Amino acid sequence: MRTRLSYITCLIITILFAARDVNAQSALYDNIIQITGVVMTADSLRGVPDVNVIVKNKNRGATTSNQGVFTLVLYKGDTLQFSAIGFRGKEYVIPTDAPGHYFSLIQLMVQDTFYLPETIIRPMLSRDQFDYAFKNWHIPDDQYEMARKNTNEYTLRALAYTLPRDGRESQAQYQSIQATNAIYYGQNPAQRPMNIFSPLAWAEFFDAWKRGDFRKKQY
């Protein structure tokens, strides 16, 4: 009788623990939510790319796409931190009473002032040193100057004459040669083009024959 009572007691305890685990797992599942959001500028409503979206105090996060879109799976009540160069940081707390498992978010960010590294300009010590620097120092071109040189008309023309043909140009030239060979098929390549099949050439020949252009001349 005592053994049976111990068995029933253990069974009841096991059922209670199992019910508690099921309730805990159900509550944990109900607390999970997927966030899909867009980060935009507050003044022009344009998507902000490469924004770091971090879950506060957790080693998880995401980065927005070129259109400012991101998606994350987290728990209700977590805090999202938004940070990007040139914008003020933002935080957003996911509501604990958000219904369902999906949540949409539009986060606006305000542009902030950011500072470049300082540049120190010092005067030249003498006029001779300035002349030497002006004549001998080589200052590399920036991206705008390189783009201007690369799109210069004379540069493009020189490259067109010197660079080898690509596949499309070689194919076009080969087809042009084939078309020329088909037009003058059967003729001597050294005497091309020949007008033996031209009606205009034959008409001119008959006119010259009637005029006597081919008669032997008496000297």
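Biologist: What makes the pairing of Glu145 with Arg148 a salt bridge?

Modeller: In this predicted model, the closest N and O atoms of Glu145 and Arg148 are 2.6 Å apart, and because a salt bridge requires a side-chain nitrogen of Lys or Arg within 4 Å of a carboxyl oxygen of Asp or Glu, the pair qualifies as one. Both residues lie in helix H3 (residues 143-150), three residues apart, which is about one turn of the helix.

Biologist: Why are Glu145 and Arg148 called partly exposed?

Modeller: Glu145 has a relative accessibility of 25% and Arg148 has 45%; since buried means under 20% and exposed means over 50%, with partly exposed in between, Glu145 counts as partly exposed, and Arg148 counts as partly exposed too.

Biologist: How many salt bridges does a search of the whole structure find, and what does the one between Asp78 and Lys58 tie together?

Modeller: The search finds six salt bridges, and in the one formed by Asp78 with Lys58 the closest N and O atoms are 3.2 Å apart. Asp78 lies in the loop between strand S4 (69-75) and strand S5 (79-83), while Lys58 lies in the loop between strand S2 (52-55) and strand S3 (61-63), so the pair ties together parts that are 20 residues apart in sequence.

Biologist: Is Asp78 buried or exposed, and how do you know?

Modeller: Asp78 has a relative accessible area of 12%, and because the limit for buried is under 20%, Asp78 is buried.

Biologist: Which residue caps the N-terminal end of H4?

Modeller: Asn152 is the cap, for a side-chain oxygen of this residue lies 2.9 Å from the backbone nitrogen of Tyr154.

Biologist: Why is the aromatic pair of Phe130 and Phe134 called stacked?

Modeller: The structure holds seven aromatic pairs, and in the one formed by Phe130 and Phe134 the rings are 6.3 Å apart, centre to centre, with 25° between the planes. Because rings pair if their centres lie within 6.5 Å and planes under 30 degrees apart count as stacked, this pair is stacked. Both residues lie in helix H2 (residues 127-136), four residues apart; Phe130 is partly exposed, with a relative accessible area of 45%, and Phe134 is exposed, at 67%.

Biologist: Which residues form one aromatic cluster, and why does Trp209 count as exposed?

Modeller: The cluster is formed by Trp202, Phe205, Phe206 and Trp209. Trp209, found in helix H6 (residues 199-211), has a relative accessibility of 57%, and because exposed means over 50%, Trp209 counts as exposed. Together with Phe214, the residues Trp202, Phe205, Phe206 and Trp209 form a nonpolar patch on the surface, with about 590 Å² of accessible area together.

Key. Residues are numbered from 1 along each chain as its sequence is written. This is a predicted model: local features need pLDDT of at least 70, side-chain atom pairs count only at pLDDT 80 or more; totals for chains, interfaces and linings use all residues. Side-chain values use heavy atoms; hydrogens and water are left out. Rings of Phe, Tyr and Trp (its six-membered ring) pair if their centres lie within 6.5 Å; planes under 30 degrees apart count as stacked, over 60 as edge-to-face and the rest as tilted. Helices (H or I, at least four residues) and strands (E, at least two) are DSSP runs, numbered from the N terminus. Buried means under 20% relative accessible area, exposed over 50%, partly exposed in between (1.4 Å probe, protein chains only). A polar contact is a pair of N or O atoms within 3.5 Å; within protein, one must be able to donate a hydrogen and the other to accept it, and residues adjacent in sequence count only if both atoms are side-chain atoms. Patches are made of residues with over 30% relative accessible area and no salt bridge: like charges are joined within 9 Å, nonpolar side chains (Val, Leu, Ile, Met, Phe, Trp, Tyr) within 5 Å. Accessible areas come from the Shrake-Rupley method with a 1.4 Å probe; for residues, only the protein chains shown count as cover.
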